[in-house]
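The points below are grouped by topic.

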Amino acid sequence: MKIVALVAAALVLVWPLIVRGPYPQHLMILVLLNALLGTAWNILGGFAGQISLGQAIFFGAGAYTSTLLAQHADVSPWLGLLAGAGVAVALAVAIGAPCFRLSGHYFAIATIALGEIAAIAVTNWDFAGGAVGLFLPVEGTGIAQMKFDDKRGYHYVLCALLALALGVTVWLRGARAGFYWRAIREDQAAARSAGVPATRYKLLAISVSAAFTAMAGTFYAQYVLFIDPPSVLPLSLSIQICLVAVLGGAGTLLGPLLGAAVLVPLSAATSVFLGGSGRSLDLVVYGALIMIIAVFEPSGLVGLGRRISATVSRNFARETP
Amino acid sequence: MNFAQALVSGLLTGFVFALIAAGLTLIFGVMEIVNFAHGEFLMLSMYLSYFFHTFLRLDPLLALPLNAAALFALGVIVYYALIRRVLKAPMLAQIFATFGLGVFLQSLAQFLWRPDFRTLGETWVSGRRIALAGVFVSGPQLAAAAGAVVTTALLWWLLPRTSTGRALLATAEDKQAAALMGIDPDRMFALAWGIGAACVGVAGALLSTFHYVFPQVGSQFALIAFVAVALGGFGSVLGAFAGGIAIGVVESLSGVFIEPALKNLFVFAIYLIVVLARPRGLLGKQ
């Protein structure tokens with residue numbers, strides 16, 4: 001399992017050097033972006049057990065904060081990235097403080113409601129471009145501008161952000177927070193009675209999750225150079241983020257990575273082979289696959305991976321007595 | 001437009017929201033699964049009305065029992081083919097099973113029937129208008145509201161008065177105790193999916209007389225229904241009914257008196273205020 005993960009990581013690092021086509025490079029960037037978003041969701045939804053279907057709020061906060069700062073104050077995207085994360089954390093605390101009193105489906109639907117409120121509010125907010133959206137000012141390319149002439153630069157910026165998110169996840173998972181989160185996820189009342197400050201640690205989870213989601217949003221704005229409510233604030237994005245983590249395996253480190261690595265090429269392949277007619281046959285297949293995975297691998301693809309590696313090692317054991 | 005007019009049209013829309021929400025909450029009450037394909041069930045029912053009307057010259061109101069029966073069958077099939085397999089799965093897997101079904105049905109509709117907006121044209125109730133004390137009510141809207149009220153009332157009245165209905169309520173109350181009394185929970189789950197889907201079957205037929213029919217039509221109604229259900233309290237039919245009506249009224253009044261573009265913002269804001277004050281909804285078990 002470790003060897004496979006290391007080979008995959010090495011492949012990701014050299015990908016834009018050995019694969020020259022812009023489309024495969026773009027696909028890998030989408031995989032990494034989804035992996036980053038899934039990893040961020042996983043901290044809140046997978047480890048702390050609070051199902052958020054409103055991650056687009058934080059993604060939009062990152063995209064809009066950095067873009068507005070660049071447009072009006074000529075602020076570098078790197079500072080914009082930090083500012084966006086700051087705004088997202090502030091929003092996360094403002095959302096979490098009241099909404100963490102809700103449990104299960106009530107919390108999930110509250111996040112949907114908040115996401116829709118954010119989308120409607122930005123659509124009607126002229127300063128933020130309203131329904132028309134915002135174009136990013138482009139003043140040269142390079143690492144300082146976080147804008148690049150080819151996709152390689154974007155690829156490595158994203159690799160760095162993902163590595164940071166994974167590093168923070170590993171660190172928090174092994175620290176006190178990780179144990180508290182698991183206790184809260186399994187039984188909040190029991191955790192509370194054992195002295196776990198549940199609300200404070202749930203606020204920590206939503207803040208970390210929001211910060212990384214916002215960074216992904218800032219990155220997205222630099223990559224696409226145009227943002228509007230349907231592209232950075234839709235409910236479908238929030239659901240897609242959750243889907244990546246859940247199909248891969250919620251509450252595991254590699255789950256969101258696996259989910260992104262399977263889901264992105266899958267939806268790309270179905271749209272390449274079946275989407276040409278413009279009649280959404282690709283989405284028919286996509287929906288069917290989601291159902292199949294939910295039925296046969298409810299704990300996500302990580303569960304499937306574990307079963308396969310268990311079978312393989314059993315067979316090896318039999319062959320080499 | 002005056003206050004009474006906005007209030008009445010909000011109430012009429014609210015009754016239809018209430019019926020859609022009642023179907024959703026019935027399924028949740030019995031088995032604690034949120035049907036994220038609920039809007040797509042509604043969409044299929046609206047297409048059914050469209051095809052009945054276009055090809056068989058059947059008025060949507062006349063064909064209404066056929067819609068209900070067809071959607072009942074769909075609900076039961078979905079239960080046995082999909083939901084039964086994720087009963088013991090984690091909540092997230094259940095969400096994505098029904099979400100995947102929604103994507104599947106919506107894109108299948110787009111594939112088969114194209115993304116065009118369709119209207120039924122002339123039906124029994126179209127073009128009629130009733131004026132009462134200065135308040136105008138359009139025929140299709142009145143028929144939809146009346147149909148929704150009658151269906152919800154019938155459901156509410158029948159459930160505790162028939163032995164099957166009582167078995168369903170008992171299963172919702174306590175699965176194990178009901179099973180010990182000889183009630184097969186599997187059959188009750190299937191029945192809940194059947195009745196829940198039949199509710200949107202009726203709602204779809206009623207809406208089709210005045211609403212565009214297109215593959216994505218269910219999404220907006222489903223979102224409202226989720227909010228109505230959570231507002232009223234998951235599992236409470238009466239709560240979903242109250243939630244649906246409240247949302248219809250809030251939507252209409254804020255659309256008329258504040259700003260049409262922001263009307264859904266007020267719907268979601270009201271939801272947040274209510275659940276923050278009462279974390280299990282208006283009528284849910286606190």
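Two residues are in contact here when they have heavy atoms within 4.5 Å of each other. On that basis, the contact between the chains takes 39 residues from chain A and 42 residues from chain B. The model is predicted.

- The size of an interface is often given as the accessible area lost when the parts come together.
- Chain B and chain A bury about 3800 Å² between them, and carbon and sulfur atoms give 80% of that area.
- On the chain B side, Phe96(B), Phe111(B) and Leu276(B) lose the most area to chain A, and together they make up 17% of what that side buries.
- There are 0 salt bridges between chain B and chain A.
- Polar contact links 3 residue pairs between chain B and chain A, counting pairs with both residues at pLDDT 80 or more.
- In chain B, helix H4 (91-113), helix H9 (217-232) and helix H11 (263-277) each supply at least two residues of the side that touches chain A.
- H4(B) provides the largest share of that side, 15 residues.
- The side of chain B that touches chain A consists of 32 nonpolar, 6 polar and 4 charged residues.

**Second largest pocket**

- The second largest pocket holds about 1000 Å³ of space.
- Its lining has 34 residues, and those closest to the pocket centre are Ala5(A), Ala8(A), Ala9(A), Val12(A) and Leu257(A).
- Five helices of chain A each supply at least two residues of this lining: helix H1 (2-18), helix H2 (22-47), helix H6 (151-174), helix H12 (255-274) and helix H14 (301-319).
- H1(A) gives the most to the lining of the second largest pocket, with 9 residues.
- By class, the lining of the second largest pocket has 31 nonpolar residues, 3 polar and no charged.

**Cavities**

- The whole structure contains 3 cavities of 30 Å³ or more.
- The volume of the largest cavity is about 60 Å³.
- Residues that line the largest cavity include Leu44(A), Ser52(A), Gln55(A), Phe58(A), Phe107(A), Thr111(A) and Ile206(A).
- Helix H3 (56-73) and helix H5 (104-123) of chain A each supply at least two residues of the lining of the largest cavity.
- H5(A) gives the most to that lining, with 3 residues.
- The lining of the largest cavity divides into 7 nonpolar and 4 polar residues, with no charged residues.

Technical notes
Residues are numbered from 1 along each chain as its sequence is written. Chains are lettered from A and ligands numbered from 1 in the order in which they are written. This is a predicted model: local features need pLDDT of at least 70, side-chain atom pairs count only at pLDDT 80 or more; totals for chains, interfaces and linings use all residues. Side-chain values use heavy atoms; hydrogens and water are left out. On a 1 Å grid over the protein atoms alone, a cavity is a set of points where a 1.4 Å probe fits but cannot get out, and a pocket is an open set with protein on both sides within 12 Å along at least five of seven lines; lining residues have an atom within 4 Å of a point. Grid points are joined across faces, edges and corners, and a volume is the space filled by probe spheres set on the points. Helices (H or I, at least four residues) and strands (E, at least two) are DSSP runs, numbered from the N terminus. Ala, Val, Leu, Ile, Met, Phe, Trp, Tyr, Cys and Pro count as nonpolar, Asp, Glu, Lys and Arg as charged, and the others, Gly among them, as polar. Buried area is the accessible area (1.4 Å probe) that two parts lose on being put together, summed over both. A salt bridge is a side-chain nitrogen of Lys or Arg within 4 Å of a carboxyl oxygen of Asp or Glu. A polar contact is a pair of N or O atoms within 3.5 Å; within protein, one must be able to donate a hydrogen and the other to accept it, and residues adjacent in sequence count only if both atoms are side-chain atoms.
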